[in-house]
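Please look over the sequence and the model shown here before reading the report that follows.

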Amino acid sequence: MGSALLYWCWVRLNTGGKRQVEEIPTAKAFFQQQFPHFSDRDDIPDTAIQKQLVNLMRSQFAEEDSQTRLGAESCLRCFISQQIDQTCLELERRFGEVGGFNRIDLLPFVLNDFEWFQHSRPKMNKNYESLADKILRTFNPERSQLNTWTARLVKSQPELNRFLWDCGVHLQSDWSILNNYHPKQLERLLVEVYNYSLVPAQKASELLDSYQAVYLSDRLQKNRSRSRSRCQLPTSEQLNRILANLEEKGITNYTPDELLEQFVSLAELIRRSRQPQREPLCDDNYVSPSPDEAETQTQEFLQRYRQLLVTQLDQTILQVLNDRLSYLKQLKPPKDGNFLQALQLSRKYLARLLDHAAKLNVNVIGIDYLLNVSWPEEDQVLEKSLMAIKNEQKIQSIFITSRDSKNERRWTLPKFADQKWQGDSRVWENGRYMTLLPCEHEERPFPLSYLLALAYKTRENQTDSLQETSPILLRNNCFSPWMRPRLLTRYSYQYYQYWLHPIVDFSIPQSRVYESISAKEFLETQPEQLQKQYPQSVMMIVPGGYANAGINRPGEDNFPAPPAFCYWQKKSQPNYPCRILLGGEIHAYLFHHFLEKKSVVPVPDLWFLWLFALAAKGLKVAVEQYEISQKKVIIFLSISTLIYGFVCLQLYIYASVFLPIIIPLSILCIYLLPEVNPRKSR
């Protein structure tokens, strides 16, 4: 079934090479005269109409009545032009992206019926045969449909295939397929794939064998004398020789046209078997999800997508930045300073944050950005904001200082902050150990987190500015002996150990340590609402949420997240991937520990290893000497494990002492479990 419009709308190329669809009035009038019942329908019987049009064009009466012949031929040519256009569109859809062409590139090779409708009668060169002429000459409505025959001849057009070959697309002809397919292989294909019975399959195999004996032999002889060319339609002489070959095998009752049609059908079956099989999108048992289930699936997909986007995109950006930074460092002189400066937070934006914070009840602001390079066009704006919060709001601002890759100290510019109130930004062992205060003989600044806690404690008792006062003089406001490394701890540093060095307690939920808000959201929220939602009087401006956060190199300020931290984060934000721990979050935990004077001191595993080894050896001797039963040994191990675990938990809760559990108990089991083995020989 097709549309009647196809029989009077002609697709052609205009003088500019553009595709154009033109309505042919004579073809439309003729079609409406011959088929008045189908002229306004979209579901006309193409096969019957094409058969009648071909008969009108080729009949003896049509030769006498030229108007009837020309009218029928005009309708057929319009239909052929439409099918040529659709075939080129199909080639574009299948191979256009790979070959880099479109339908307009293909049409000049096949849509070459130039002069037919230019005048009332054709004035074409008698020696010229367009593709439409060839289709009309060879079309047999008794054996095929006009659309399939047109598509077949379009795809076998030499000029079109030469163009497609240059584009890397090779359309194999029916005759080339038959040349390269073994008869026995065809027999298996028909039986196993197309469920043919054995006799028809063997007959098809004999047909292919006779075809190759004649056509393929002639082609091989032809290729020896000149260059290879595309396989053409078998000639009448070749078809007669194939029929003679079949008669020798006892296969008769074939005419040349029937034999040609049979070869085309076999080639189509082979071609179809080579196409990839497509699975159906759904089966009869498929049940579409409910709206709630669909929404859940969408949310799950978006969650996975966002996690992958954050992790993969951050890694890619970080790799590019590191590569660029390495290249700039290798230049002579190095030019990585300007690159790092460009990655820093805009100082005008930082000034906006400080101005907005001045409207809140904030006493101390920590700025985790190293502003050690002058930026004249923006420095004045930031300096003005700092002076305003210092003189008007009496807010204490604390900046950071850090060491570069050469271990040289870098300070924030003096116009922003005095060196006395610049805190060390270093964290120990990816933030697992606390950054303690310097010893008496050390010349390093206080940690940033400690200066924040010290300023907060001091501002509770006085409202004057602290900029002119040295933190050393105020140290007693927030000090505990554990905040400095013990003698034994300093001794262990020589052996790359951290004996009795306090650790950061990430078992505390984040909500009890800090509350976070993005800079964008902070600026967009009214001060009254911020004050109600975040009543804290200490504020930190820290980098976070992007891959290049760092001072000496991009990504330096992002650390692996410990399990305890991830546990609480997943409790509060189940959809947020816990992969990194920001340097600012570590400073927040350190600030909490300094402010609460809370420390968790881990006892080294090595100490308890020797202690439990001696105790386990003594117990082993006692078990052997007094011949204690296996049951009692098992009970003893179980009760000992429970008691020791309970003692460790209580010491951690009330004394902030963290005892090793797994290694000591493992030593105890290693010594005593052999005594439980009934096969042990005494």
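## Overall description

Accessible areas here come from the Shrake-Rupley method with a 1.4 Å probe. On that basis the protein, which is a predicted model, exposes about 39,500 Å², and carbon and sulfur atoms supply 52% of this area. Of its 682 residues, 43% count as buried.

The secondary structure comprises 26 helices and eleven strands. When contacts between residues at least 6 apart in sequence are considered, 69% of them join residues at least 24 apart.

## Cysteines

A search of the whole structure for disulfides finds zero. A disulfide requires cysteine sulfur atoms within 2.5 Å, whereas the sulfur of Cys-75 is 6.6 Å from its closest cysteine sulfur, in Cys-78, and is therefore too far away for a bond.

## Aromatic pairs

The structure holds 27 aromatic pairs. One of them is formed by Tyr-211 and Phe-263, a tilted pair with 5.0 Å from centre to centre and 55° between the planes. This pair links distant parts of the chain, with Tyr-211 in helix H11 (residues 198–225) and Phe-263 in helix H13 (residues 256–274), 52 residues apart. Tyr-211 counts as buried at 0% relative accessibility, and Phe-263 is buried with a relative accessible area of 0%.

The rings of Tyr-433 and Tyr-498 have their centres 4.6 Å apart and their planes at 20°, so this pair is stacked. Because Tyr-433 lies in the loop between strand E6 (422–424) and helix H18 (448–459), and Tyr-498 in the loop between helix H19 (487–493) and helix H20 (519–524), the pair ties together parts that are 65 residues apart in sequence. Tyr-433 is partly exposed, with a relative accessible area of 22%, and Tyr-498 is also partly exposed, with a relative accessible area of 23%.

## Aromatic cluster and charges over rings

One aromatic cluster is formed by Tyr-7, Trp-8, Phe-31, Phe-35 and Phe-79.

Charged side chains also meet aromatic rings: the charged end of Arg-409 sits over the ring of Trp-411, 5.9 Å from the ring centre, and the charged end of Arg-475 sits over the ring of Phe-479, 5.6 Å from that ring's centre.

Technical notes:
Residues are numbered from 1 along each chain as its sequence is written. This is a predicted model: local features need pLDDT of at least 70, side-chain atom pairs count only at pLDDT 80 or more; totals for chains, interfaces and linings use all residues. Side-chain values use heavy atoms; hydrogens and water are left out. Helices (H or I, at least four residues) and strands (E, at least two) are DSSP runs, numbered from the N terminus. Buried means under 20% relative accessible area, exposed over 50%, partly exposed in between (1.4 Å probe, protein chains only). Contact means heavy atoms within 4.5 Å. Rings of Phe, Tyr and Trp (its six-membered ring) pair if their centres lie within 6.5 Å; planes under 30 degrees apart count as stacked, over 60 as edge-to-face and the rest as tilted. A charge sits over a ring if NZ of Lys or CZ of Arg is within 6 Å of the ring centre and within 35 degrees of the ring normal.
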